[in-house]
Amino acid sequence: MTDDRGVHDVLIVGAGFAGMYLLHRLRAAGFDVLAVEAAPEVGGTWYHNRYPGLRCDVESLEYQYSWSEALRRGWRWSERFSAQPEILAYARWVADQLDLRRDIRFNTRVARAAWQDAAHHWIATTDAGETVSARHVVFATGALAVPRMPDIPGIDRYQGRLIHTADWPHDTVDVAGQTVGLIGTGSSGLQVATALAGKAGRLKVFQRSPAYSIPAQNRPLTDADYAAFLGNLPALDAMAMAHRGGIVCPLPTSGAQAVSAEERAQTLEDRWQHGGAFTFLSSFNDVQTDAGSNALVADFVRAKIRETVTDPDTAEKLVPRYLFATRRTCVDTGYYQIFNREGVELVDVSTDPIAEFTETGIRLASGVEHPLDTIILATGYDAMTGAFLAVEVTGREGLTNAQAWAEGPVNLLGLMVAGFPNLFTVTGPGSPSVLTNVIRSIEHHVDWLTRCFEDLRAQGIGVIEATPEAQADWVAHNNAISAGTLFTRTPSWYCGADIPGKPKVFMPYAGGLPAYRQKADGMAANGYAGFALTKAGVRA
Ligand code: NAP
């Protein structure tokens, strides 16, 4: 595709919900924008992830763009928590409504990008060797985009069907009569297990760490739901903007230990019956900061698991021992119940780990073999940093992104990395991102970037970059905030613990979306404090 449009104002990498909205905003603001997308369609993670049972863990009415009333009135969700096909259909519908596809190059993956210091622009090279030039590059590549294969030896030896949840085949996967092994019990594993239980002849769930999961209590959305939603948009938006997770949920006013045992149990039961993890987490204001409060909430969930699973041994294995919600809390539709079914077996590999793949299945360290017709890997992602580091990015003076992030991701506001002028990441590490309804975080970043590009244009600024000092301050601020939470006490993908050799740094900004927005907007209003600005045509 070597691009014949000259130097674009902005190159957007990725056409998921972030890239799509950014393309729309910047195009409307009169910029020359090109988006490139590795997949043949919009939707990002919702295009690639299509495993059975996949649903969003944020409610449909909130997991959609809030910036356009026309879009909110024009699309009708069928269920409270949408399944993947409906979310992908929504992304495609938005692309049509906004006529986005004419500026998206599909089936195009950026392999490299190099800053041209004299010319003040980037040259991006695709994996087909074609080049695109742009003054600014925005990575809208998502926090959960690079699937992680487990570090278990012998994977190539296995002769059966091997499928990663994040790369689910487009053809039908028929498991009827088969013995299926599932490795991984995070959000993806729980959902696919629930969908396949009863369909596979036998399902073996290989669990290394149990997950806390809250029932979705999913149901169809009714006319009354829609009337309540569309009739109250400003109030609902205000509530979401005030919530640290960008969720429509009243702010909790008391700690879990500040109320009586009866009141606490009732509150938790009400939230459990209401469904969804974000609202459950908002039962009390100290669940993620006070270990005593956390234990009380954890015990409530543990009791629910023991009540649900009839075999006491299996129930005990399913009960997590780590602090509640310090790893991503799952949302399920009958997950714990599948272990009461014939043909579903929980294999605890915490003490007897999977040693290797064999030609026919899996062998545990103890030597026990599990012959399997199909193995499903729900082993997650190289989260938050994987997609950016998958592209070889060379900034000022030969500095690469791999070098800049060798000891963990560093940046200013999760938006810019010092040494990489005119390059931005959307919902990257250092921003609230995965700790929020990511659509709200995306919308804030896109609005911030649009204003930034407009300001730069108005002021004749050719180059913007994070200063090393402001970046160091932001990283220190991030670390101080996460150190005040319970998150850092549990190894998780939030801190790279799941990938050998990955720096162990808590990556998302844990101060909440309202506080983050205030800081980011404040810096912009203050003349982009923390960023160095160079006039166009002047050598930086
Ligand atoms: P994940 O949460 O990282 O879970 C990976 C699982 O694989 C863990 O249970 C892990 O065990 C296990 N695992 C990895 N290597 C293993 C090995 N060698 N042996 C045994 N088990 C192994 O990945 P995910 O479930 O794909 O979810 C990632 C994130 O994507 C979620 O946290 C969520 O943010 C998002 N997501 C959201 C939805 C939704 O909206 N409903 C659905 C799917 C995903 P350990 O825990 O012991 O490492």
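1. At 54% relative accessibility, Pro85 counts as exposed, because the term applies over 50% relative accessible area, with buried meaning under 20% and partly exposed in between (1.4 Å probe, protein chains only). Pro85 belongs to helix H4, residues 84-97. Helices here are DSSP runs of H or I with at least four residues, numbered from the N terminus. Between the C-alpha atoms of Pro85 and Ala325, which stand 240 residues apart along the chain, the separation is 28 Å.

2. The model is predicted, with local features needing pLDDT of at least 70 and side-chain atom pairs counting only at pLDDT 80 or more, while totals for chains, interfaces and linings use all residues. Residues are numbered from 1 along each chain as its sequence is written, and side-chain values use heavy atoms, leaving out hydrogens and water.

3. Helix H15 has 16 residues, 468-483, and its first and last C-alpha atoms are 22 Å apart, close to the expected 22 Å. That expected span is 1.5 Å times one less than the number of residues.

4. The buried residues of H15 are Ala470, Gln471, Trp474, Asn478 and Ser482. They lie on the same side of H15 because they cover an arc of only 100° around the axis, taken from the directions from the helix axis to the C-beta atoms. An α-helix has 3.6 residues a turn, so residues three or four places apart point the same way. On the other side of H15, the exposed residues are Pro468, Glu469, Asp473, Ala480 and Ala483. Helix H16 (513-525) is included in what covers the buried residues of H15.

5. The whole structure contains two cavities of 30 Å³ or more. A cavity is a set of points on a 1 Å grid over the protein atoms alone where a 1.4 Å probe fits but cannot get out; lining residues have an atom within 4 Å of a point. The largest cavity holds about 90 Å³ of space. Its lining has 13 residues, of which Thr141, Gly142, Met384, Val426 and Gly428 are the closest to its centre. By class, the lining of the largest cavity divides into eight nonpolar, five polar and no charged residues.

6. The second largest cavity has a volume of about 80 Å³. Among its lining residues are Asp57, Glu59, Glu62, Phe81 and Ile247. The lining of the second largest cavity comprises five nonpolar, three polar and three charged residues. Ala, Val, Leu, Ile, Met, Phe, Trp, Tyr, Cys and Pro count as nonpolar, Asp, Glu, Lys and Arg as charged, and the others, Gly among them, as polar.

Definitions and conventions:
Helix = DSSP H or I, 4+ residues; strand = E, 2+ residues; numbered from the N terminus. Contact = heavy atoms within 4.5 Å. 1 Å grid on protein atoms, 1.4 Å probe; cavity = no way out; pocket = protein on both sides within 12 Å on 5 of 7 lines; lining within 4 Å. Points joined across faces, edges and corners; volume = space filled by probe spheres on them.
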